[in-house]
Amino acid sequence: MSLIPPEGSGAGKTRLTDLAQQAGVSTATVSRVLNGKVGVASETRQAVLAALDVLGYERPEKLRNRSAGLVGLIVPELTNPVFPAFAQTIESMLSQRGYTPLLCTQSPGGTTEDEYIEMLLDHSIDGIIFVSGLHADTQASRERYDRLLARGIPLVFINGFASDIEAPFVSADDTAAMELSVRHLVSLGHQKIGLATGPDRFITARRKLEGFQDAVQRHLGIEDASPHVATSLFTVEGGQAAGGDLIDSGHTAIVCGSDLMALGVVRAAHQRRLTVPHDLSVVGYDDSPLIAFTDPPLTTVRQPVSAMCHAAISALVALLNGGSAPRSELLFHPELIVRNSTGASPDMRIHAAQRPS
């Protein structure tokens, strides 16, 4: 971090220009913000502060807000790019509201969710947001959350609705995601569509499985989807294993429980000297950052991360301020992002080639 030179110096003018360009405002507005003058809209002020952070300048003492409170943010791990996306968005939104976020990330063999909870309690935490935590695991105890709620600590959960936890939940609609994916593949002529997803003890995986069953029954008349489902871990390796099984059983298209699994399916296809999407169509889930730059760019279902985070923080802030928030689930509709990993089924191409010109 570097300090901003005095405004009167040539270097200071250069820094003001850089900040103005980054924030999309005038140098005069930047100067007013840096000097703590009134009459600047909160959105404009926040843009200038963000420019300071992006360009690596230390905020002047007068611009450092006193924290409104500490909020814990517990995410399962950071290897899946969608979780850093949630974490970054939540941290930014909390900071804009004056709260200090404390990010807790888990990894295999590392600090557990319960250990993080104890650490946050030691820091007199004001509230906690859980992203795809143990609440999403049907085999995990809910007692940890009941104890927190009994202590009056506001909690909000993202993905993995559990009806027996009396707290606000924000989720992407997994059922709608499967409908979007299957309908897209059927429109391309695919009849042999498989699902590669995680263990069904997780609520998100269970909902995707149920949504997939409904979708293939509606569009393909398949009553029992179980022969078309392969479960594994929500990882590249898991997708590779599940995808390999589905490819070997004759599926021409595979819907995946995460973008990482989809990348594993593509790897399984390449191992069998198949090309995507000519021989196999693949649909991911999440629309993680950078997923548009894979080879081929991945067709996927986008979680509305920003809207979900905004809803979660609004609920938490309401609780922190002594208000109320719905003790139910708010579902957000996902969006199908069509790129280059899906194409016409081999059967459709054959029929097109045989059609008289």
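User: Where is Ser-341 found?
Analyst: This is a predicted model, so to speak plainly about it: local features need pLDDT of at least 70, side-chain atom pairs count only at pLDDT 80 or more, and totals for chains, interfaces and linings use all residues. Residues are numbered from 1 along each chain as its sequence is written, and side-chain values use heavy atoms, with hydrogens and water left out. Ser-341 is in the loop between β12 (335-337) and α12 (346-354). Helices (H or I, at least four residues) and strands (E, at least two) are DSSP runs, numbered from the N terminus.

User: Is Ser-341 buried or exposed?
Analyst: Ser-341 is buried, because its relative accessible area is 1%. Buried means under 20% relative accessible area, exposed over 50%, and partly exposed in between, with a 1.4 Å probe and protein chains only.

User: What does the side chain of Ser-341 reach?
Analyst: Two backbone atoms: the oxygen of Val-282 at 2.6 Å and the nitrogen of Thr-299 at 2.8 Å. A polar contact is a pair of N or O atoms within 3.5 Å; within protein, one must be able to donate a hydrogen and the other to accept it, and residues adjacent in sequence count only if both atoms are side-chain atoms.

User: OK, and which side chain does Arg-144 join in a polar contact?
Analyst: That of Asp-114, at 2.5 Å. Arg-144 sits in helix α6 (residues 143-150) and counts as buried because its relative accessibility is 13%.

User: What lines the largest pocket?
Analyst: 37 residues, with Pro-76, Glu-77, Phe-83, Ser-132 and Phe-234 nearest its centre. Elements giving two or more residues to that lining are α4 (82-96), α8 (203-220) and β9 (281-286). The largest share, 3 residues, comes from α4.

User: Why does the largest pocket lie between domain 2 and domain 3?
Analyst: Because domain 2 (67-170 + 303-332) and domain 3 (173-301 + 335-350) both give residues to its lining. The domain bounds come from an automatic or database domain assignment.

User: Back to β9. What is the phi of Asp-286?
Analyst: Near 130°, a positive value in a residue other than glycine. Asp-286 is in strand β9 and is buried, at 4% relative accessibility. Asp-287 also has a positive phi, about 55°, although it is not a glycine. Asp-287 lies in the loop between β9 and β10 (299-302).

User: Which peptide bonds are cis?
Analyst: One joins Val-276 and Pro-277, with omega about 10°, and another runs from Asp-295 to Pro-296, with omega near 0°. Pro-277 is in the loop between α10 (259-271) and β9, while Pro-296 is in the loop between β9 and β10.

User: Last one: how many disulfides does the structure hold?
Analyst: 0, where a disulfide is a pair of cysteine sulfur atoms within 2.5 Å. For Cys-104, the nearest cysteine sulfur is that of Cys-309, 16 Å away. Cys-104 is buried at 1% relative accessible area, and Cys-256 is buried at 0%.

Conventions:
1 Å grid on protein atoms, 1.4 Å probe; cavity = no way out; pocket = protein on both sides within 12 Å on 5 of 7 lines; lining within 4 Å.
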